[in-house]
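Subject: Structure for your review

Dear colleague,

My notes on it follow directly after.

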Amino acid sequence: MRALLLFRLDLSGTSAVEESIHPIDPREPIVRATDLGVNRGDGVFETAVVRGGRPQALEAHLTRLERSAALMELPAPRRDLWRAAVLRAAAEVSLPGALEEGEIASVKFVMTRGDEFDPAGPTGWVLGFAGSDPSGVRVRGVRAVVLDRGYRHDAMQTAPWLLQGAKSLAYAVNQAALREAARRGADDVIFVSGDGFVLEGPRSTLIARIDGELVTPPAELGVLPGTTQADAFSGITDVPTRIGVLIRDDLDRADALWLCSSTRGAVPVAQLDGAERAIDHDLTARMNAALDARED
């Protein structure tokens, strides 16, 4: 990843939108050591990939940011400000010369609860960055392992303080899961609940094809509503799709699996727990063509 630009946002609500967006050298610090986002992972974020100078699925990402903020009892994000800042960042990272060969731009936007010792309100910033073009991994796929997340499937309802379904900055568990995958010779993870329900990846939404139908787990199981998965379903109109409960055995029964994320699109699972899996290259290409063509 390579930082391209950084905006600090004034979230006080006292200034006009354009006056609330402050460009900063991305090499300069903008967060205090006492910020709750840094010290406790107490904040929310979204990442939108940029195509043709525009952030894809921006409105869906803004809606999910609002949902995560509500789950964490943070102030409601000022949607017009976040929209303007992300659009501006996307335009700037798309200027000629901004990207090197083999790179694609994305925009990450973050809101924390603010400073622990100086509670003046939330902290916000927008980071434009360059990452690797996902074309290769879309073809070769990823090796995934199934890991137990450790919660029951109904934890979102029975223990809402666990914040299942919120896209928070507290990513230590997700990072630990990815390290465990690497120890097992894999690239990625599919989480299941403690009682055997299929959930999601640490940084992705799962799609399984079972009996000719594309299925993804419901948000009620404490998974993030997938913006990329939703657009993939919308873009493939000749294949039945649904949101539905899956159990661990369904992963073995599926004849194809994908992990979907904003920065990589739809990536096929080529191996699961060491067993080779078939890749539907045609459907993968069609999904990603639909995703890459999005204008919102």
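Between them, domain 1 and domain 2 bury about 1,700 Å², and 61% of this area is on carbon and sulfur atoms. Of the area that domain 1 buries against domain 2, Phe45, Arg64 and Arg67 supply 34%, more than any other three residues. Please bear in mind that this is a predicted model.

The domains and their interface

The protein is divided into domain 1, covering residues 2-132, and domain 2, covering residues 137-293. Their C-alpha centres lie 25 Å apart. In terms of contacts, 21 residues of domain 1 meet 23 residues of domain 2.

One salt bridge is found across the interface of the two domains. The side chains of Asp292 and Arg51 meet in a salt bridge, with an N to O distance of 3.3 Å. Across the interface of domain 1 and domain 2 there are also 11 residue pairs in polar contact, both residues being at pLDDT 80 or more.

On the side of domain 1 that touches domain 2, at least two residues each are supplied by β3 (43-51), α2 (58-71) and β5 (103-112). The strand β3 gives the most to this side, with seven residues. By residue class, this side of domain 1 divides into eight nonpolar, nine polar and four charged residues.

Ser262

Ser262 is found in the loop between β12 (256-261) and β13 (265-272). Its relative accessibility is 15%, so Ser262 counts as buried. Not counting residues up to four places away in sequence, Ser262 touches Thr47, Val49, His61, Thr227 and Thr228. Two of these contacts deserve a separate mention. A polar atom of the Ser262 side chain lies 3.2 Å from the backbone oxygen of Thr47, and the side chains of Ser262 and His61 are joined by a polar contact of 3.3 Å. Tyr151 is 111 residues from Ser262 along the chain, and the C-alpha atoms of the two are separated by 26 Å.

Glu200

Glu200 is located in the loop between β8 (188-192) and β9 (205-210). This residue counts as buried because its relative accessibility is 9%. Leaving aside neighbours within four places in sequence, Glu200 is in contact with Arg149, Val189, Ile190, Phe191, Gly222, Val223 and Leu224. With Arg149 there is a polar contact between the two side chains, at 2.8 Å.

Yours sincerely

How values were computed
Residues numbered from 1 in each chain as written. Predicted model: local features only at pLDDT ≥ 70, side-chain atom pairs only at ≥ 80, totals over all residues. Heavy atoms only, no water. Helix = DSSP H or I, 4+ residues; strand = E, 2+ residues; numbered from the N terminus. Buried < 20%, exposed > 50% of the residue type's maximum accessible area, 1.4 Å probe, protein only. Polar contact = N/O pair within 3.5 Å; in protein donor to acceptor, adjacent residues only side chain to side chain. Contact = heavy atoms within 4.5 Å. Domains from an automatic or database assignment. Buried area = accessible area lost by both parts, 1.4 Å probe. Salt bridge = Lys/Arg side-chain N within 4 Å of Asp/Glu carboxyl O. Nonpolar A, V, L, I, M, F, W, Y, C, P; charged D, E, K, R; others polar.
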